[in-house]
Amino acid sequence: MATMNPVLFHPIYKERVWGGRSLEDSLGRDLPGGKVIGESWDLVDRPEDASQIRSNEEGSRQTIRDLIQSDPERVMGRGWNPEDRFPILVKWLDCQQRLSLQVHPPATIAESLGGEPKTENWFVADSKPGAGLIVGLKEGVSRDQFEKALAEETLEDCVHRFPVEPGQSILVESGRIHAIDAGNLILEIQQNSDTTYRVFDWGRTGLDGKPRQLHVEESMKSIDFNDFEPSALPPFEEIGETVIAESKEFRIRRSNLESGDTLNLPTPGAPILLHVVSGALVDTISGMKMVRGDTVLLPASRDCSIQATEGCTALLTDQFTPAG
């Protein structure tokens, strides 16, 4: 089977009321003018959005969907159904304001609610002093207490908020209530899903000046009311590799490299995603350069030898399964 070079994609930018323009400075992105950008979708394979491949061919508009359908074995491995979408969605989040208090439906009830389950992992690439995350409930908060606080708009008293620093990571499984505080730059690696139920939005209005839609009934059916005070993983600063997230949906490893160090990735038989958090790397076979903010698809059919051209932190996402 012939091999395939690593693949880079053009980002798809999304306006969000809580976003801003800091992706220009933090990731060197060229953002669309006059828009409040909260999300950069760097790899997505959905009916309404499909990442376009960066190509040297002028006028090429090939997408991740086209690539998988044309050569599923080389991209995804033996036996992959070409109609199955890429199972991971990758986003950068520029959180200039606090996001809504929200939840994603567990797989056991998602279909009955007309949604899709979504387990995601947050890697804190940067954070301002005092920034935090809201994940899970405070110890002992009951469903009745939560409903009362929702009616009285005092939900902040019920949820678990903790401060964060760059390099921390936390797995947010379907059913876990959560929100990201202002002042965070987050790399979100998640199941290929776009179902979010907002239970509370802190009295905010949307970009159109109207209150944003809430999904209280769906949220109350989805929240795990036995999920108390989870903690984030501390930053891993040593040179080398460690697992920072492991679930039935995916695994994420963090690799810290010194200049000149090499990641040798033998042909795995399944694709791997490489996310550059800091520094820069180069594929020693094709010469492809990778810089901070890049998400690179390493196809199933190819050995990869990736060298750090300066001190670098990269995440590697693998062991994912087809989307449901």
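Helices (H or I, at least four residues) and strands (E, at least two) are DSSP runs, numbered from the N terminus. By this assignment, Ala131 lies in the loop between strand 6 (120–127) and strand 7 (132–137).

## Basis of the model

This is a predicted model, in which local features need pLDDT of at least 70, side-chain atom pairs count only at pLDDT 80 or more, and totals for chains, interfaces and linings use all residues. Residues are numbered from 1 along each chain as its sequence is written, and side-chain values use heavy atoms, with hydrogens and water left out.

## Overall architecture

The protein chain contains six helices and 21 strands. Its C-alpha trace spans about 60 × 40 × 40 Å along the principal axes. The radius of gyration, taken over C-alpha atoms, is compared with a globule rule of 2.2 Å times the number of residues to the power 0.38. For 324 residues a compact globule would have a value near 20 Å, and the protein chain, at 20 Å, agrees.

Buried residues are those under 20% relative accessible area, exposed ones are over 50%, and partly exposed ones lie in between (1.4 Å probe, protein chains only). Of the 324 residues of the protein chain, 55% count as buried. The protein chain exposes about 14100 Å², of which carbon and sulfur atoms supply 45%; accessible areas come from the Shrake-Rupley method with a 1.4 Å probe, and for residues only the protein chains shown count as cover. Contact means heavy atoms within 4.5 Å. Among contacts between residues at least 6 apart in sequence, 74% join residues at least 24 apart.

## Surroundings of Ala131

Ala131 has a relative accessible area of 3% and is therefore buried. Not counting residues up to four places away in sequence, Ala131 touches Arg161, Pro163, Val164, Ala182, Gly183 and Asn184. Asn184 is 53 residues from Ala131 in sequence, while the C-alpha atoms of the two are 6.5 Å apart in space.

## Strand 20 and its partners

Strand 20 (residues 304–308) is largely enclosed by the rest of the structure, because four of its five residues are buried. Two strands pair if DSSP finds at least two bridges between them. Strand 15 (residues 262–265) runs antiparallel to strand 20 and is joined to it by four bridges; here Leu263 has Ile306 as its bridge partner. Strand 17 (residues 280–283) also pairs with strand 20 in the antiparallel sense, over three bridges, and Leu281 is partnered by Ala308.

## Aromatic pairs

Rings of Phe, Tyr and Trp (its six-membered ring) pair if their centres lie within 6.5 Å; planes under 30 degrees apart count as stacked, over 60 as edge-to-face and the rest as tilted. A search of the whole structure finds three such pairs. One of them is the tilted pair of Phe86 and Phe320, with 5.4 Å centre to centre and 55° between the planes. This pair links distant parts of the chain, 234 residues apart: Phe86 is in the loop between helix 3 (72–76) and strand 4 (88–95), and Phe320 is in the segment after strand 21 (312–318). Phe86 is buried at a relative accessible area of 0%, and Phe320 counts as buried at 12%.

Phe146 and Phe225 form an edge-to-face pair, 5.5 Å centre to centre with 80° between the planes. Phe146 belongs to helix 5 (residues 143–152), whereas Phe225 lies 79 residues away in the loop between helix 6 (216–222) and strand 13 (240–246). Both Phe146 and Phe225 are buried.

## Charges over rings

A charge sits over a ring if NZ of Lys or CZ of Arg is within 6 Å of the ring centre and within 35 degrees of the ring normal. The charged end of Lys14 sits over the ring of Trp41, 4.5 Å from its centre. Likewise, the charged end of Arg98 sits over the ring of Trp202, at 4.6 Å from the ring centre.
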